[in-house]
Amino acid sequence: MIALSKLTGAVWARTMYAKEIPLFCFAYIIGLLIASGFEQYGLTITLTIFMGGAILLKVAPIDNGWGLQWRTGLAVSLVAIIAFCSFSIRSPKLVGSDISQIIPEGENGIVVTVKGKILDAPTLNRSGQLRFWLRVEAVKDQIGQQTGKLYTTVPATLEEQLNAGSSIEVTGYLYQPSPPKNPGQFDFGNYLKENGAFAGISGREVTVIKENNWGFWQLRDRIVKVHQQALGSPQGELVSSTVLGRKAVNLPYAIQDQFLKAGLAHFLAASGFHVSLLLGVILGVTQPFKVSLRFALGLGVLMLYVGLTGLQPSILRASLMGVAGLLGLLTERKVNSTRSLLVIATLLLLINPLWVTDLGFQFSFLATLGLIITLPVLLEKWDFLPPTLASLIAVPIAVFPWVFPLQLFHFGTVATYSILLNVIVTPFAVFIILGGMISGFVGLIIPSLGSAIALLLSPFVQGLMALVSGFNQLPGSYLLFGKVALWQLIGVYGLIIFVWQFPKGKQLWQGVTLVAIALMILPIINQKLSLRQMTVFATDQPAVILIQNRGHITLINCGEEATIRYTLVPFLQQEGIQTINTAIALDPQNQWQVLSQVVDLKQLFYSPLLENEIQEKSNANFTSKQAISAHTNLVNQQNLNIKQSTPMLLTLNWDQKQWGILQHPRHSLPTVTADVNQIDILLWQGQGISQSWLEAVGLESAIAVTNQVSEELQASLTQKEIDFYVTGQNGAIQWTPRRGLKTMLD
């Protein structure tokens, strides 16, 4: 009897824990997320674990007393700890045999010859070079066995010779990535580490040792050629991208940027939307067939599609959800979509815990969760509309609240018309994706017939591109909102879970929505209206300086296109700066027309020496333009004054600190007058300045916007106890009245 009681208790416990599988899956995912951000956000994460624990216990189906609740809590905690340890163990770690270790200490890189195997399909980067991952097998003239993985770039002329799986020998410059020198800048070193690499190689010569003559890359190339032959470029690449994803196709970056700005990037990423269309067509066409045959055909097509698009986390998640649906069809059982999503996500993360940091995986998971949870509610409320129209409107609205906070956390941008545009272009996109799939698959067998089918897509592709371009030109179509902090992200998703899981939350969903919006908006508004900060960017000449003074933004120089794209714009996105109130041009290399495509430019002051450049080369739409004259007040606010003190010196007085910004010091230096002698902090471009002039000024600090200065000058300034900064060595310099000067690389 006792044995039977124990057996019954064990079966009951297993049943209860089986019901709690989603809870354990959720705990595993949360554990991985905590591990992924613990180094950078440890304190914030620790403080929010208590909130997460409370939510987990509420979500758990606990209704059998305190004993099981205690056991459940212990089991959940154990799963989260296992996930935390799993992520830490699987995180890439630098070992002694890694190829990056052969770079001598103190040097940026060396020229080597590396033998290895190409791991993925080579694609073009923004610089027009081929890029791919190379698994290292040997390094010429090096003692011992080198291992590891390299981010490899080679000339685009080698595109026809290089394929995934081929063995090659590359001679080029082996380098380790430098840390980002500017706030908001892309962290290339972290990107390499996330992909299991610690160095890159810029290839100059490539020899193919053994070519890989078979693989899914051949099928991908055949599909792309079918579309290109029918539609030309870039329409052909666009259709191929809607079918295979932009990671598998060399779609011009100008087109990618247009779709990103419009909020339609998901159409160019192989995802659940594509899998649902593909599987829906297969099941619809095979309706008269036996269930077992429909299952086999659906499974076969999904496996082929995964092979064509590559083992991307988002497409694996979507395909496994498709397999779950097929299993439900085969067994004639209804599939619990939420449970299936959590289980599939956990299975994928058990295979590779590092996928939890993949943006494609994160957005795909949340978008699918939104469709599962929110879409049925919207369709029920809008049952008075025709089903097709209701679905067309409801889908983007259902997804939006689930992905928008994550978008602000990673990018800080808002595509203002994205929901409306999604509703309008979805019929175009569906037709293009299905037509691209059909023409691509037919083209694998009969290329000419596939191209003929693809040709029918031309008016739809042109219409889609015209809609995207037209919406992007509307006022305020792409806003730099500002990145939200981690605590805001956790708070918003906590409120979403509250509405989803708690009856009280469902009753108060309108008020909770307002709280979530306030949680995202108010801290950013408060920061903009209170922040007083100057940023001197680490750039090539000219010096680029941005001043944030309680909502009023002043920008001194903007630099060339590369500086704008990779240094200035990421910072503007991070800070949520949409308008430059005062722009000051002190150098002819500024490309204001490029910056005007991203932000609004109001008033421009420019050096009289730049009269011709401003009138002839600047296509930016400034509200007003004015040449700087002697003693002109460019900005005159309560605590900030910027004026032209001498023809070669711009002075800035801010909270009783006097800045001096030298223009063209190699031509002449201003006379040390009373104004000049009051300078506390001097900023110049690192050339043509004499020690005697610096000694006469009597500085507290000096900032040289350059990669290096003479050792003699540096020693002289240090001897006179002048704080000296070189942006090429210290990174960007930020100053606030409260903290003073702070460098990016400290």
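**Which side chains meet in a salt bridge at 3.8 Å, N to O?** D257 and R565 do. A salt bridge here is a side-chain nitrogen of Lys or Arg within 4 Å of a carboxyl oxygen of Asp or Glu. D257 sits in helix α7 (residues 253-262) and R565 in helix α20 (residues 561-575), 308 residues apart. Helices (H or I, at least four residues) and strands (E, at least two) are DSSP runs, numbered from the N terminus. The model is predicted: local features need pLDDT of at least 70, side-chain atom pairs count only at pLDDT 80 or more, and totals for chains, interfaces and linings use all residues. Residues are numbered from 1 along each chain as its sequence is written, and side-chain values use heavy atoms, without hydrogens and water.

**R565 also meets E561 in a salt bridge.** The N to O distance is 3.5 Å. Both residues lie in helix α20, four residues apart, about one turn of the helix. R126, D257, E561 and R565 are linked in a network of salt bridges.

**E700 and K657 meet in a salt bridge at 2.6 Å, N to O.** E700 lies in the loop between α24 (691-697) and β20 (701-704), K657 in strand β18 (residues 657-662), so the pair ties together parts 43 residues apart in sequence.

**Seven strands form an open sheet with mixed pairing.** Its order is β15-β16-β17-β18-β19-β20-β21. Two strands pair if DSSP finds at least two bridges between them. β15 (633-636) and β21 (723-726) stand at the edges, each with a single partner strand. β15 runs antiparallel to β16 (residues 640-646), joined by three bridges. N633 stands opposite K643 in β16.
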